[in-house]
Amino acid sequence: MNRHAKKLQKKAKKVTILNKVATQSGILWTVKSPSGSEYDIFEHADGSGFSCTCEWAKYHDTRKSACSHVLGLIRAIKAEKGKATSFWFDAEDAKRQHRATFGVGDIIATTRTA
Ligand SMILES: [Zn+2]
């Protein structure tokens, strides 16, 4: 596994948050991708991650292997808080950024003040 971080940055789609509904088991987000498609993404309250409703999510557990919409949503949520987010596959690459990090399944996210 040696996927380039740059590719991953592209993988995170720039999504627009259309709706947010808080439930007992988590938050249901509705996002719109640049292509105009809308997806429902469920953020589990247990902290296990995000489940998307796209094609990729039918065959992958997006809590472990995030799709472009989940990454885009995370970026959009952080952007609302004034943070810019980058994604990395390699722990060493992430560490080199000297930023706050958190895990998104097998991906490492770093944030900085935008
Ligand atoms: Zn998706």
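This briefing describes the fold of the protein shown above, from its overall dimensions to its strands and one glycine. The structure is a predicted model, and the protein contains four helices and seven strands. Read from the N terminus, the order of these elements is α-β-β-β-β-α-α-β-α-β-β.

**Overall dimensions and packing**

- The radius of gyration of the protein is 14 Å, which agrees with the value near 13 Å that a compact globule of 114 residues would have.
- Of the 114 residues in the protein, 26% are buried, and among the contacts with a separation of 6 or more, 39% are between residues 24 or more positions apart.

- Strand β2 (residues 26-32) runs antiparallel to β3 and is joined to it by seven bridges, with I27 having E43 of β3 as its bridge partner.
- Five residues lie between the strands in the hairpin of β2 and β3, where G36 takes a positive phi near 100°.
- Strand β3 is also joined by two bridges to strand β4 (residues 50-51), again in an antiparallel arrangement, and the bridge partner of F42 in β4 is S51.
- The hairpin formed by β3 and β4 likewise has five residues between its strands, and G47 in the turn has a positive phi of about 80°.
- In a regular strand the side chains alternate between the two faces of the sheet.

- Three strands form an open sheet in the order β5-β7-β6, with antiparallel pairing; its edge strands, β5 (83-88) and β6 (100-104), each pair on one side only.
- Neighbouring strands of this sheet are turned by 30° against each other on average, direction ignored.
- Six bridges connect β5 with the antiparallel strand β7 (residues 107-113), and K83 has T113 in β7 as its bridge partner.
- Helix α3 (residues 68-80) lies across β5, β6 and β7, and runs at about 155° to β5.

**Glycine 103**

- G103 lies in strand β6, and this residue counts as exposed because 11 other C-beta atoms lie within 10 Å, where 12 or fewer is the cut-off.
- Although G103 and G49 are 54 residues apart in sequence, their C-alpha atoms are 9.5 Å apart in space.

Technical notes:
Residues are numbered from 1 along each chain as its sequence is written. This is a predicted model: local features need pLDDT of at least 70, side-chain atom pairs count only at pLDDT 80 or more; totals for chains, interfaces and linings use all residues. Two strands pair if DSSP finds at least two bridges between them. Axes are lines fitted to C-alpha atoms, for helices over the stretch in contact, and angles run from 0 to 180 degrees between N-to-C directions. Two residues are in contact if their C-beta atoms, placed from the backbone, lie within 7 Å. The radius of gyration is taken over C-alpha atoms; the globule rule is 2.2 Å times the number of residues to the power 0.38. A residue is buried if 20 or more other C-beta atoms lie within 10 Å of its own, exposed if 12 or fewer, and partly exposed in between; C-beta atoms are placed from the backbone.
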